[in-house]
Amino acid sequence: MVIDLLSYSLIPMFSSLALPFFAKKNIRIAIILANVALLSGFINISYLIINSITKPDIIPIIDPLTVFLIFTIYTVALAISFFSTYYGIEKEANPISYYSLILLSVSAMTSLVMVRDLFSLYLFVEILAVCSFALITSDIKSNSIEAAIKYFFLTFPASILIILGISLVLASQKALDFEIISVSTNIMTMIGLSFVIIGFLIKSGVVPFHFWTLDVYQGASSPISAYLAGIITKIGGIYAIIKISIIMKYYPVETISSILLFTSILTILIGAFGAIAQKDMKRMLAYSSISQMGYILAGVSTFSSTGIIAAVFHLFNHATFKTVLFLNSACIEKQTGTTNMTELKGLEKKMPITSWTSIIASMSTAGIPPLSGFWSKILVIIALWQVGYIKSAIIAIIASIITLGYFVLMQRKVFFGKLAEKLTEIKEVESPLLLPVIIMSLMIILAGIYVTYIYSYLEKIM
Amino acid sequence: MILYVLIYLVIIVGVVGAVISKKLLNSAIMLAIASIGISLLLFGYSAPWAAVFELSVCAGLITVLFISAVSLVKNEEDTTKEKQIKYSIFPLIMSAVVILSSIFIPEYFEKLSSYANTTQNGNELKIGDIIWSIRGIDVIAQIMLLAGGVFAIKHIFSYVKKQEE
Amino acid sequence: MNLINSTPTGIMMIPLIIPLICAILILFISEKTRYVREFFSVIVTAVSLWAAIKLFKIGGDNLELVFSWFSSHKLHFKLDYLSMFLLFSVSMFSFLISIYSISIPNKGNPKIFYFLLLLTQVASSGVVLSDNLLLMLFFWESMVIFLYIFIYISSNSQQTKSTALKTFLINGIADISMMIGIAMIYYITSTLSISEISKTKIIMTGWGTLSFFLILIGTLTKAGAFPFHTWIPQAALYSNASFMAYIPAAIDKLLGIYFLARISLHIFQINLSVQIILMIIASITIIAAVMMALIQTDYKRLLSYHAVSQTGYMILGISTLNPIGIAGGLFHMINHATYKSCLFMTAGSVERQTQINDISKLGGLFWKMPATAICFIISAAAISGIAPLNGYFSKELVYKGTLNTGYTIFFYAAEIGSVLTLASFLKLGHSVFFGKLNDNLKGTKEAPLTILLPMIALSCICIIFGFGAHLPLSKLIQPSIVSIGYIPHTELSGFHLDNLFLISITIIIFSLTLHISGFSIYGKPYKTSDHIHYAPIIKNIYQLAEKGYFDLYEIFKRIFKSLANILFKIDRFFDIVIDKIPSNISIIFSSQISYIHRGIYNYYMLAIFIFVVVYLMYLGGIKW
């Protein structure tokens, strides 16, 4: 456990425990407390990370991966929490439990990236699963209960596999710390870690275990979809695989690498092809998330330093642009009442800022230079090429084109074109709701420009 | 040996009963019984850590949560009907499981006991040591889990109240 | 860049730089002033003319001026006698036309007209002065745009615009072929300097012949020979007289024949078969054009066909490849420029005074517009080759040269051309200036002085070059030929009472006979050529020509439609392959994937279990 960053985990937890007591006086105070807790954490961590990135010669005392991921967590959580206050979540869910659950999940995720042994990792993954399960049910009007049940049941085989794997590792190594595992090359340890990896594959929502993601992202209420797609599936799923692949640097990894590669390519393709014919915006974004998860997995499957750095960077990028896209769909749903793309037309005149941030995020997803998505994708493709998976690299490039295709299609259908008759009274959402989206778009652009700094910072992970 | 087989049977009965019982309260109690059985098993294999946590978490925490949840859903129990597989299949499956496990399980248990974890000093660890000094994180995690569970229940069931209103 | 007048090399730049600067300045002169532009351009062209004359006086062969451009390429300007001669002619015509167009009403926006006039002066001086083929090409091609704008601004009607387009296309495509030919020259000789190439001339091998013919297309189009001439008669109908007097009559012929002389004599070494092809083209031009000219009833259109026809004489002269013929071709060039320009000027003056172009409605204008009429008579006599005007002497030299080659058939063709030329001018003069005066023309007055002065000046030049033919021949033409490399053996000028003179008298009698017979049959002066027009076989040829069957441009317009259709079908095919097929396949995939993910929980769970088992088996070592 990294003790220096413990406060990032404890403060949201204590805030969430204190929230019901404040709420007895006034609900607004409680909501403000939640937001302030996250904001203070965000400012602290961004100060820390900007210092670390702009001074590349200083060797960081704290593990760069941890700090980077805590930064990502706080960014997305702050955006979602801020967004929810103005979104009117009070009408749909109990605000106290909602914010408490968000704070708890932040605390769980932060502890998750700070722990240094496998069992605690599993613990916090399960806590995260509980919190997200509850958060999915936040909008009882749509079929969120069905989504929550599907989520829970379809990921519990993951828990089985993870526990099985951990027990095998414990049996062979007699300890579960990361340093101890990474230096041994026992075959039982490797099998155990493979089990763990497959379990976390189920939790991340890659093909062929992706069925729950579609219904969950569509069924949950929009800020929660953003939260899930932005950070929870990543920290709860892919992060563990990244950590284990960093551990397994010196292992003979051909089998597990080919499994991961096959999974990632399948994921990329099915996610890309599935998104083309979708009529509902959130479902299309869900397919897109599956596809991007495939890219992260492809980076991990190479087990090389370039690939892992690419995977971490793409994780951060996906957090930002997917959050922007889901929050935009939340804005659209709030103003027009529907997310069906056949009914929405010509929204650009009425909601210009939404349209513009949507364009930036779509271009970043598709991998258009000089936005950040381009750099992470090109790093993934380079990593695949270096290890020798040439066909996979070509498939990744082709899927990028398909990604661009359906995003441009969505943009054209929803934003450009003639305004539909039903939508003539739509106004732009109020500015507080636009603030998180604009800040994230700025982050996308800045990350694209200062990519060299980020790359040299992330190189110290390996 | 016989003791282990008995405890194993208790666990199986508890688990199967939790799945097929019609009343939710009975499911929760069956689950509690199964958890207690598992923790006894773990104590027997000299895995005090796992036993402690199994007892505190499963038999304690989870049962508390389940029973509080069940008490909140009292009304829906009577109206919804479940689809259930015909009961006649179960005895067949159960007998098959029992026969197979009686062939394979004893060896497995013996192998497991060879993995028993003893400390460096050779002393048995006390429960206090485990909880406070070595696995401090798990305390935090427990608190988080408890809080998470409570808030989750509050979150989900607040609609039920709203819908009823 | 030194522009000082004291050095001869600096003077060479004056006809280039000063009109350029003044052309740009003209654009900024306000529209409210009257005649400022005209005066300005008159003065500027006079300055260029003075510079050309001064260069002449300085004399000396091979003045050279080298500019460095972008510090690695050099622009070469060179002046040998041929260039000097042409520079003088070009400047003279610019000067005269700028005086003439002061009073012409329908020349378009005067600001743009004078701008273009000065720029044409710059471009033509650049063509004749440059030593580098690429530089010359630059100036040559810039004239195409000026041509287009000249015609375009003449009036607002749709026909003017389509004429402008036709001009642009014909000249533009010819220029492209010339550019390819010059590129091939560079490939053959790896230099672009004319003086370099002329030291060892290019011989007619495969690439050489091809490049010669490509450049020939460009040159012939500029000069206006068959079959690239079809824009000139159309422009005569739809643009104004001062443009016609300037470019198709004078500048185009000067530049076209100049460059034809350069390529046939200076750069390439032509062999016999190419020479015969050139002479055939020349003869066809002479006869076809003059036969079309005979039947016209529009003043300017008739003159424009004659311009095409006389080009044939020039080409014939140059292609004879002996010094007499070449002298004849070059002399005919300058002579044609003077009398054709003068004829167009008379057409412009009649049009201005009477607003009528159709000669059937004109008549008896001799007493009303005497000065115009006398200029017309002099120029018409000159063009027909009546001694002792300048046209006779140049034609005589051309005939002599043709006979010297030994192919007498071309001689006969040229003679027939002369017959029909005189006949058509008899018809024109008779119907416009002689004959009965129509009632509606009773009020016409003589044209103003600014129109009359250039006409009179050109007619005087016709007479001077005729009576004193040895002056231009010895001062201008002979040194030019010598500088190209052909030295004449006999005296060129002088009045020889030999067979050719008798033949010319015969021609005059022939034409008079044709005219009087036509007049007696039909009674009206403008119908005097109708007996040829409606002769049995010739009538059909005339009908085809009127429909445009001999017009290359019209033929191409028909081909292009079917070509465009074919290209469209090819593009549709590629569109299906690249666009429709991939998107349809993607949509099929996508709808299948959507169908699989319908939301049925049982299938999902089953799939997860199956795949977990598969993965674990693969992990265990079972490969497929």
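Visitor: What share of the 462 residues in chain A is buried?

Guide: In this predicted model, buried residues come to 60% of chain A.

Visitor: What makes Ala327(C) count as buried?

Guide: Let's set the value against the cut-off. Ala327(C) has 26 other C-beta atoms within 10 Å. Buried asks for 20 or more, so Ala327(C) qualifies as buried. Ala327(C) belongs to helix α13 of chain C, residues 323-354.

Visitor: Which residue 150 positions along the chain has its C-alpha atom 6.3 Å from that of Ala327(C)?

Guide: That's Ile477(C), whose C-alpha atom is separated from that of Ala327(C) by 6.3 Å. On the whole-chain level, residues 24 or more positions apart supply 80% of the chain C contacts that have a separation of 6 or more. In chain A, 79% of contacts between residues at least 6 apart join residues at least 24 apart, and in chain B that share is 57%.

Visitor: How many helices and strands does each chain have?

Guide: Chain A has 18 helices and zero strands. Chain B has seven helices and zero strands, so its pattern along the sequence reads α-α-α-α-α-α-α. Chain C has 23 helices and four strands.

Visitor: Why is α15(C) called roughly antiparallel to α16(C)?

Guide: Look at the angle. The axes of α15(C), residues 390-405, and α16(C), residues 408-432, cross at roughly 155 degrees and come within 8 Å. Angles over 145 count as roughly antiparallel, so α15(C) gets that label relative to α16(C). As for handedness, α15(C) and α16(C) cross in a left-handed way.

Visitor: Which residues make the contact between α15(C) and α16(C)?

Guide: From α15(C) come Lys395(C), Val398(C), Tyr399(C), Thr402(C) and Leu403(C). From α16(C) come Thr408(C), Phe410(C), Phe411(C), Ala414(C) and Ser418(C). By class, that contact holds six nonpolar, three polar and one charged residues.

Visitor: Which residues touch the most other members of the largest nonpolar core?

Guide: Leu112(A) and Val312(A) do, in a core of 193 residues. Helix α13 of chain A, residues 305-336, gives the most to this core, with 17 residues. Leaving out residues up to four places away in sequence, Val312(A) touches Leu65(A), Phe68(A), Ile242(A), Leu458(A) and Ile461(A). Apart from that core lies another, of 182 residues, including Ala23(C), Leu129(C), Ala289(C) and Tyr399(C).

Visitor: How many residues does each side give where chain C touches chain A?

Guide: Chain C gives 20 residues and chain A gives 23. On the chain C side, α22 (552-596) and α23 (601-620) are the elements that give two or more residues. α23(C) gives the most, with 11 residues.

Visitor: What is the make-up by class of the side of chain C that touches chain A?

Guide: That side has 14 nonpolar, six polar and no charged residues.

Visitor: And how many residues are in contact between chain B and chain A?

Guide: Here 17 residues of chain B are in contact with 26 residues of chain A. The chain B side divides into 10 nonpolar, five polar and two charged residues.

Technical notes: Residues are numbered from 1 along each chain as its sequence is written. Chains are lettered from A and ligands numbered from 1 in the order in which they are written. This is a predicted model: local features need pLDDT of at least 70, side-chain atom pairs count only at pLDDT 80 or more; totals for chains, interfaces and linings use all residues. Two residues are in contact if their C-beta atoms, placed from the backbone, lie within 7 Å. Ala, Val, Leu, Ile, Met, Phe, Trp, Tyr, Cys and Pro count as nonpolar, Asp, Glu, Lys and Arg as charged, and the others, Gly among them, as polar. A nonpolar core is a set of buried Ala, Val, Leu, Ile, Met, Phe, Trp, Tyr and Cys residues joined through C-beta atoms within 7 Å. A residue is buried if 20 or more other C-beta atoms lie within 10 Å of its own, exposed if 12 or fewer, and partly exposed in between; C-beta atoms are placed from the backbone. Axes are lines fitted to C-alpha atoms, for helices over the stretch in contact, and angles run from 0 to 180 degrees between N-to-C directions. Angles under 35 degrees count as roughly parallel, over 145 as roughly antiparallel, 65 to 115 as roughly perpendicular and the rest as oblique. A crossing is left-handed if the near helix is turned anticlockwise from the far one by less than a right angle, and right-handed if clockwise.
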